[in-house]
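Please consult the sequence and the structure shown below.

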Amino acid sequence: MTDTPVIITMGDPSGVGAEVTVKAMATLAPQERARYAVIGDRPTLERALAACGLNLALADHGEAAPEGALRVVHVPVEGLPGTFGVLSPACGEASFRYIEKAVQMTVGGEALGIVTAPINKEALNAAGHHYDGHTGMLAHLSGSKSSWMLLASPTLNVLHVSTHVSLKDAIGRATPERVRDTIRTGHNHLRRMGIESPRIAVAGINPHCGENGLFGREDDDQIAPGVKLAQAEGINVQGPISADTVYYRAHSGAFDLVIAQYHDQGHIPIKLIAFDTAVNVSLGLPIDRCSVDHGTAFDIAGTGKANHVNMLAALDYAGKLAASKR
């Protein structure tokens, strides 16, 4: 057993989180499995194992257990529906408590980092926890003022200036300072991951970066000044570059990271080329967290059909983060 594991939060108990977690864990050798512990609901994990036809022992984290057993930190929550595929405030409450426990363990040095299975935002808010998703919740629980969403894949990495806000609000949030801070955050992260001088491109916010004001002045007045601020810090960054070409150039090897101005501008290209392998990584937090980049999939939850490839990718990235920390 590894004394300080990477924590996996099970996500919404009615979703595919338990299923992709046990499937991924079942593919690992016993000594690899010992590097992880799952925070969630033990009966749900048992139902997921049965649905997938897996014979994997579960054991309480911190207790003596057979070699190869999956360690579980059981967090009891009243009112769980006990079935997959339903929207439930109790499941939203459970999702929150699993994350809360994971943050406590990681901040306290009991875990190296967190890998999160998907939550349902509607269930989370129905339970009274009003966050836009994992990233905002983690920032609040860890006491961080700012956070960013990185989507990482083998050939394309995208960091967002803003994510779960309206397009109108996203334009307003793309201030020179926020653009600079996003560039700086991406630069520091890629250096941590072993790239000495990351090549960063900043996507424009308007078609053709506004064509010198013909299609809007946001690129000239907000994005370009932010790029110059980052360049003044010695960061290897270019932009703004028209968003209709920058992702192809990065995917082809010209850049290590693209700064996207808003949610869909970054999500669409990376999900097109790396739907099963892209990993969601939270930057700017005092703890390490990465996640699968898919939802709860209530329509197939409990059927044994959920694909665990993305969970394996998230676990691999978490391992790299843990190694860099060491």
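Ala, Val, Leu, Ile, Met, Phe, Trp, Tyr, Cys and Pro count as nonpolar, Asp, Glu, Lys and Arg as charged, and the others, Gly among them, as polar. The model is predicted: local features need pLDDT of at least 70 and side-chain atom pairs pLDDT 80 or more, while totals for chains, interfaces and linings use all residues. Residues are numbered from 1 along each chain as its sequence is written, and side-chain values use heavy atoms, without hydrogens and water.

**Cavity.** A cavity is a set of points, on a 1 Å grid over the protein atoms alone, where a 1.4 Å probe fits but cannot get out; lining residues have an atom within 4 Å of a point. The search of the whole structure finds one cavity of 30 Å³ or more, and the largest cavity holds about 50 Å³ of space. Its lining includes Val6, Leu112, Asp288 and Ala318. By class, this lining has seven nonpolar, one polar and two charged residues. Helices (H or I, at least four residues) and strands (E, at least two) are DSSP runs, numbered from the N terminus. The elements below each supply at least two lining residues, and helix 12 gives the largest share, three residues.

| Element | Residues |
|---|---|
| Strand 5 | 113-116 |
| Strand 12 | 289-292 |
| Helix 12 | 309-325 |

**Helix contact.** The axes of helix 1 (residues 17-27) and helix 3 (residues 42-52), lines fitted to C-alpha atoms over the stretch in contact, come within 9 Å and cross at roughly 65°. Helix 1 is therefore roughly perpendicular to helix 3, a term for angles of 65 to 115 degrees. Contact (heavy atoms within 4.5 Å) involves residues including Val22 of helix 1 and Leu45 of helix 3. By class, the contact has six nonpolar, one polar and two charged residues.

Key
1 Å grid on protein atoms, 1.4 Å probe; cavity = no way out; pocket = protein on both sides within 12 Å on 5 of 7 lines; lining within 4 Å. Points joined across faces, edges and corners; volume = space filled by probe spheres on them. Axes fitted to C-alpha atoms, helices over the stretch in contact; angles between N-to-C directions. Parallel < 35°, antiparallel > 145°, perpendicular 65-115°, else oblique.
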